[in-house]
Amino acid sequence: MEDSVSRMRSGSLVHCGSGLRNMAARIIARCVRSLNHRAVCLNSINTAATLTAAPLTHGRTFSQLTNGHKSPLAQISGSSFQVFQWRQYGDLPPLTLETIHDRVLYVLKLYDKITPEKLQATSHFMKDLGLDSLDQVEIIMAMEDEFGFEIPDADAEKLMTPQEIVQYIADKKDVYE
Amino acid sequence: MAAAYLTHHQKVLRLYKKSLRHIESWCIFRDKYRFYACLLRARFDENKHEKDMMKATMMLKAGEEEFWANQHPQPYLFPDSPGGTSYERYECYKVPEWCLDHWHPSEKAMYPDYFAKREQWKKLRMRTRPVINLNILE
C-alpha cells in the first residue's frame, strides 16, 4: 500500500486532467481492494463521480485529486485508509450484568468511608459497613453519575446493598441474562 | 414509600440530595464542588443528632428556604429525569406487549426462540394470576 501511495503522489503531480482522474481511480481501486472486497464495487461506481462515500477520512483529498487540484498530498502519506461502509451511530457499549457489577464495586471502593477488603456484593451499607443514611445518599448519587441516569428518591432510599443496586440498574436498563 | 406522607428523615435526605446536585451545578470544577459538598455534609452532620422534633422541623424549614434562595436557575438534569432533554422521548414507541400477538406469522418467524417461549410464558401467567375476590371490600 505504501508504494502505491508514493506512486500516486509522484504520478498525480506529473499528470493532470482526465489522466489524473483515471490514475487516481485505478490506485484507489487497488488500495480498496486490498482492504475490503465489497467496497470495490461501490468505489468503482463512485470514483467517477465524487468519492465522498467510501474513505471518509480522506474524502476531501480524493475529491481534490479528481478535480485536478495539485494539493499537497502529505495528508495521504502515513495515514491508513479506513473504508467504512456502514453507519456509525453514537452510543455506549451495551451493559452486561458483570460490567454493571464491576463498575458498582469499583465506585464503592473509591469511597473513602468504605474499606475495600470488607466490601462484598451483599454487604449492607448500614449494618455491615457502618455507613450513615447521608452516606447512602452520596453513594446513590455516585451511582447516578456513573451510569448517567437518575435514580428517584423513592427507589434510592431502599437500595441498601451493592447487589440491590446492580439489580435496580439492570431492571432500569433492560439488562438480563 | 408506602404512606402518603414523607417522614422527617426522608425529607432531610431529599433536601441533602437536591442541595448537593445544585452545588454541583454551581461549582463546575470538581475539586471546588467537592470542597463545598464537604462543607454541606459537615453542616448536616453537626445537627443530625437533634432529638427535639420541633427544633429539627424548624431547621429543616430553614434549610428548605435557604435551598430555595440559593438554587441554580438551570440545574444539571440527567437526560432521562423529569425536565431533562430525553424525558419521555421514547414513550410513543413503547407499545404494549399484547401487540406482539397481532404480528403476522412471517414476522413471528423472524424470532422463533422468543415466540416459542412466549406461549409458555403466557400459560405460566394464566396459572399464577392473582385471584381477585370482588366480594371483599377493602
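User: Why does A:R103 count as partly exposed?

Analyst: A:R103 has a relative accessibility of 29%. Buried means under 20% relative accessible area, exposed means over 50%, and partly exposed is in between (1.4 Å probe, protein chains only). The value of 29% falls in between, so A:R103 counts as partly exposed. A word on the background: this is a predicted model in which local features need pLDDT of at least 70 and side-chain atom pairs count only at pLDDT 80 or more, while totals for chains, interfaces and linings use all residues. Residues are numbered from 1 along each chain as its sequence is written, chains are lettered from A and ligands numbered from 1 in the order in which they are written, and side-chain values use heavy atoms, with hydrogens and water left out.

User: What makes the pair A:R103 and A:E146 a salt bridge?

Analyst: A salt bridge is a side-chain nitrogen of Lys or Arg within 4 Å of a carboxyl oxygen of Asp or Glu. Here the closest N and O atoms are 2.7 Å apart, so the pair qualifies. A search of the whole structure finds 25 salt bridges over all chains.

User: How do you know that A:D135 and A:K113 meet in a salt bridge, and what does the pair tie together?

Analyst: A:D135 is in helix α6 of chain A and A:K113 in the loop between α5 and α6, so parts 22 residues apart in sequence are tied together. A:D135 has 3% relative accessibility and counts as buried, whereas A:K113, at 42%, counts as partly exposed. Both belong to a network of salt bridges whose members include A:D132, A:E138, B:R41, B:D45 and B:K48.

User: Why does the pair B:R21 and A:E144 join two chains?

Analyst: Their side chains meet in a salt bridge at 2.5 Å, N to O. B:R21 lies in helix α1 (residues 8-26) of chain B and A:E144 in helix α6 of chain A, so the pair joins two chains. Both residues are buried.

User: What makes a set of residues a nonpolar core?

Analyst: The set consists of buried Ala, Val, Leu, Ile, Met, Phe, Trp, Tyr and Cys residues joined through side-chain atoms within 4.5 Å. The largest one has 25 residues, and A:V104, A:I139, A:M143 and A:I165 have the most contacts inside it. Helices α5, α6 and α8 of chain A each supply at least two of its residues. Beyond its neighbours within four places in sequence, A:I139 is in contact (heavy atoms within 4.5 Å) with residues including A:L108, A:F125 and A:I165. A second, separate core of 15 residues includes A:M141, B:C27, B:Y33 and B:L60.

Definitions and conventions
Helix = DSSP H or I, 4+ residues; strand = E, 2+ residues; numbered from the N terminus.
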